[in-house]
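Here is a walk through a structure for someone who has not seen it before. Keep the sequence and the 3D view open while reading.

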Amino acid sequence: MRRAVRAVRVRRRAAPAALAFLGTACSGSFGMPRGATEQGADIFRLWQIFFVTAIPVAGVVYGLIFWSVFRYRRRRSEDPDALGSQFRGNHRLEVVYMGIPILIVIGLFAASAAVEVRVDRVSSDPAVVVNVEAYQWGWRFTYPGQGVTVVSPPSGEFVAGPQMVLPLGQTTRIVLTSNDVIHAFWVPDFLYKHDAIPGRTFAFDIAPTRTGTFYGECAEFCGLNHAYMTFSVRVVQPAEFAMWLEQLRAGQAAA
Amino acid sequence: MERPVAAQPEPPHRVGPVERLTSTDHKNVGILYCVTAFGFFLVGGALAGLMRVELTEPARQVVSTQAYNTLFTIHGTVMIFLFVAPFGIGLANYLIPLQIGAPDMAFPRLNLTSYWFFAGAGLLILLSGVASASGGAAMGWTAYTPLSELRYSPGVGLDLWILGIVLVAISNVMGGVNILTTVFLMRAPGMTMWRLPIFTWNMVVTAILGLVAFPPAVAAFALLFIDRRLGGHAFDPLGGGDPALYQHLFWFLGHPEVYILILPFFGIITEVIPVFSRKPLFGYLGIVLATIAIGALSMGVWAHHMFTTGVVNNPFFSAMSLLIAVPTGVKFFAWTGTMWRGKIHFTVPMLFALAFLLNFLIGGVTGVMLASAPIDFHMNDSYFVVAHFHYTIMGGSVFAIFAGIYFWFPKMTGVMLRERLGRVVAALLFVGFNLTFWPQFVLGLRGFPRRYVSYPADIGFDTPNLVSTIGYAVLFAGVVVFLADVAVSLWRRVPAGDDPWDANSLEWVTTSPPPEHNFDALPQIRSERPAFDLRHPELAP
C-alpha cells in the first residue's frame, strides 16, 4: 500500500520532469548546425525527430541491459555452479519487440520521405542561377545570367577559396558538374551536399535564410589536394548582392 | 545415459614451422588465419596511429599529403579485408567442425589454399602502399572511378591493390564454399540445423553473403584493371563509360561486406552471453531468423552509400536500410532476455560482450540516422560516418573478437589467459575506443569531411581531434597489455582443462587443444547445448 503511494508520488514528480526534458530535447540541436537555408532547416527538424526518437529507444535498451547485469549478477555468497532460470523465450514478448521497432521505423521513414520531397523540389523560376564546376582542386562559380565568374586560386594549402555570393531569402539554383573526377559540394551550415560527377549535371535549389559567410568544402575524396579544395558562401541582402554583381561585372569587363 | 569417452590427451606434440604452414588440419588453418589477421590488425592500427598523430593539430605536420592519402587507403583495406573478415573465417575454420562434431572441414586442401591466397593478397596490398616508385595506392579503399583511372592515378600501386583485392575475394569464395559444404553435409548424428550453435549459423549466412557479393566485385575490379591497363572505358566518362556503375558494383559487395564484418561476431556474442548467464539462449529460433533476415535485407541496401549521387532511388534504399534495424533490435532483446534472471559471471569474455552491447547500440542508432537520405545529405563523407562505422566494426566486431579470443584461447592452446590482465585490457580498450570515436561524431556534425590531411584552425575541429588522438593512445596501451597477456600466459602456463567455462557447445567436450581427429566419441546431441546437457542430464530435453 505504502509502496503504491510512493509510486504515485514519484510518478507525479516524474511527469513534469519528463515533459521538461522532452521540451528541451525538442528544441535542442544535438550538435548539428541549425541549417541556414529553408532546405537546411527542414533537414535540421528531421534530425531532431530522429534524435528525439533515439533517446528513449537507447534509454530502454541500455536500461534493460544495465538492470539485468546489475540485478542478475552472481553474488559472492551464491553457489558458483548455480544455474539461472532455464526458460528459452517468450513468443508474445518476441512479437512485441519486433512489432514496436517496425512501427517506429515506418514513422521515421514517413518523416524522412516527406522532407526529401521538399529538399529535392526545384523551383520553376529561381531568382539566381549559379553554375558550379568542380575540378582538381578548386571551384569555378559562374552566374550565367550576369556573365560573372569566380574561380579558385591554385593552391596546395589553406587559402581563402573562391567566394560565392547569394541574396538572402531568394531561391538560388545550383547547377553542379565536374570536369575530371568526382567531387562533392558541401556547405555544412546548409546541411546539404551533392556529388559532382563528370559527364552528369545536377540541379538543386537553396534558399538562404541567414546572412553571413559560410565555410564550404569538397566532401568526396578527389586525389592529392582534396583537403585544400575549400570555398565559401556569403549570403547578403538582395541590394548588396546586386551591387556585388555590378562591381564584379565592371571589373571583369575591364580585365 | 552414456558418458562419452573423453579424448585421451595425446603425448605432447610440438608443431614445427613447416607443419604449421602446411598442415591442412582445420584447427591449424584456423589458427594461421587468426594469427595472420591479428598481425594485420596491428599493422592497420599502426597506420591509424600515424593518421591520428597527423590530425592532432590543424596544419599538416608529420606526413606528406600523398603519404596521408596512402595511409587511409591501406588502413581501410587492411582492417576490412585482411583483419576483421579473415578473423571471422579463421574462427569458423577452427570452430565449425568442432561445433558440429565433424573431424575436419569438407575440403581441407581448399582450406589451406584459401589461407595462402589471403596471406599473399595481404602482402600485395601492403606492397601496394609502399613498393611503387610511381606512387602508392592513394585513392581510398573504395577506389572510386574516375579517380582510380590511369589518368588520375598513374601509380602501379593501385594495380597491385586491385590484384590483392581480387585474391582476397577468391579466397573468401573458397572459404564460403567450404563452410557451407561442411555445415550442410558433415554434421554429427543428432546435430540438426535447429540445434546448430549460433556462431555456426551466423557463419552459414556470412558464407552465403560472400558467395553472392564477391563475384560482382571481382567483375568491377577486373573492368577497372582493363580500363587502366588494356584501354577499356567501362567507368571512364571520357570514353562513354559510367562512374556510377562502378559505385553500384562496388557497394553491391561493399554493403553485404559490412554484414560479413559483423555477423560472425554477433555469433561470438551469442555464444558467450548464455554461457556466462548460465541460461539457454532467449529465443533461439528468433535469433536465427533475424540473422537470415539481416543477410537478405543487406543485399538490398547498397545504394544508401550513394544518396548524394543523385542517380539512385533514395526512398527505396532508405526504407530497406531502416528495416535492418528491426532484426538487429531482435538480437539486442534476445541478448538481454538471455541475461534476464541469469547468474551472470563477469569473466573477461563476458566483459567484452557487455562492452560490445554498449558500443554497438550507438553504432546501430547512428546507422538509423544515416539511413535517412536527407540527414545523410549532411553526414555523407563526414566524420559522423567514420564514427558510426567504427562504432559497429571496432566497438562491435573488434570487441567481439577480443571476447572470442579470451573465450576460445584456452581451447586452442590448452592454457588460460590471465583474468586480471584481461580486465585491464577490456577497460583500456573500452575507454580508449569511446574517447577516440565519440569526438568524431561531433566533428562530423560540425562539418569535418573524411580523408582530410589537415583542417583550418578555430572552426571547431581542434578540440575533438585532440581528444580523439588521446583516445588512440589509450587504445594503444590496451593492445600492448593484451600482447603482454598472451606472452605471459603462453610462458607461464595455467592449464585450462577441457571446459574452463562450463560452456554449452560441442567443442568443450573434447580436450584442449583437441586431438587431430577432434573427438574420440560424441555425446548424444539433444539440443543446441550438448555440453550442458551432458553436465545436467536432469535438465536435458
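This is a predicted model: local features need pLDDT of at least 70, side-chain atom pairs count only at pLDDT 80 or more; totals for chains, interfaces and linings use all residues.

The buried residues in question are Asn314(B), Phe317(B), Ser318(B), Ser321(B), Leu322(B) and Leu323(B).

Helix α9 of chain B has a related setting. This helix covers residues 284–298, 15 residues in number, and spans 21 Å from its first C-alpha to its last, close to the 21 Å expected at 1.5 Å a residue. Its buried residues are Tyr284(B), Gly286(B), Ile287(B), Val288(B), Ala290(B), Thr291(B), Ile294(B), Gly295(B), Leu297(B) and Ser298(B). On the chain A side, these buried residues of α9(B) pack against α3. Within chain B they pack against α6 (198–229), α7 (243–260), α8 (263–277), α10 (314–323) and α11 (325–339).

Chain A can now be taken by itself. Its secondary structure comes to four helices and 10 strands. Read from the N terminus, the order of the elements is α-α-α-β-β-β-β-β-β-β-β-β-β-α. Chain A has 255 residues, of which 33% count as buried. Among the contacts in chain A with a separation of 6 or more, 68% are between residues 24 or more positions apart.

The domain assignment divides chain A into domain 1, made of 31–75 + 85–120, and domain 2, made of 128–254. Taken over C-alpha atoms, the centres of the two domains are 36 Å apart. Where domain 1 and domain 2 of chain A are in contact, 10 residues of domain 1 meet 11 residues of domain 2. The domain 1 side of that contact has five nonpolar, four polar and one charged residues.

Back in chain B, there is a pair of helices to follow. Helix α14 (residues 383–413) and helix α15 (residues 419–446) of chain B have axes that come within 8 Å and cross at roughly 170 degrees. An angle over 145 degrees counts as roughly antiparallel, so α14(B) is roughly antiparallel to α15(B). Residues of α14(B) in the contact include Tyr383(B), Phe384(B), His390(B), Met394(B), Phe402(B) and Tyr406(B). Among those they meet in α15(B) are Gly422(B), Leu429(B), Phe433(B), Gln440(B) and Leu445(B). By class, the contact of α14(B) with α15(B) has 15 nonpolar, five polar and no charged residues.

Gln440(B) is in helix α15 of chain B. Is Gln440(B) buried or exposed? Gln440(B) is buried, because 25 other C-beta atoms lie within 10 Å. Leaving out residues up to four places away in sequence, Gln440(B) touches Tyr383(B), Val386(B), Ala387(B), Pro464(B) and Ser468(B). The C-alpha atoms of Gln440(B) and Leu370(B) are separated by 15 Å, and these residues are 70 residues apart along the chain.

A few points of the backbone remain. Most residues other than glycine have a negative phi, and most peptide bonds are trans. In chain A, a cis peptide bond joins Gln136(A) and Trp137(A), with omega about 0 degrees. Trp137(A) is in the loop between β1 (128–135) and β2 (138–143) of chain A. In chain B, the peptide bond from Ser512(B) to Pro513(B) is cis, with omega near -10 degrees. Pro513(B) is in the loop between α16 (462–491) and α17 (530–535) of chain B.

Two arginines of chain B have a positive phi: Arg341(B), near 60 degrees, and Arg451(B), near 65 degrees. Arg341(B) is in the loop between α11 and α12 of chain B, and Arg451(B) is in the loop between α15 and α16 of chain B. Arg341(B) is partly exposed, with 16 other C-beta atoms within 10 Å, whereas Arg451(B) is buried, with 20 other C-beta atoms within 10 Å.

Methods. Residues are numbered from 1 along each chain as its sequence is written. Chains are lettered from A and ligands numbered from 1 in the order in which they are written. Domain bounds come from an automatic or database domain assignment. Two residues are in contact if their C-beta atoms, placed from the backbone, lie within 7 Å. Ala, Val, Leu, Ile, Met, Phe, Trp, Tyr, Cys and Pro count as nonpolar, Asp, Glu, Lys and Arg as charged, and the others, Gly among them, as polar. Helices (H or I, at least four residues) and strands (E, at least two) are DSSP runs, numbered from the N terminus. The expected span of a helix is 1.5 Å times one less than its number of residues. A residue is buried if 20 or more other C-beta atoms lie within 10 Å of its own, exposed if 12 or fewer, and partly exposed in between; C-beta atoms are placed from the backbone. Axes are lines fitted to C-alpha atoms, for helices over the stretch in contact, and angles run from 0 to 180 degrees between N-to-C directions. Angles under 35 degrees count as roughly parallel, over 145 as roughly antiparallel, 65 to 115 as roughly perpendicular and the rest as oblique.
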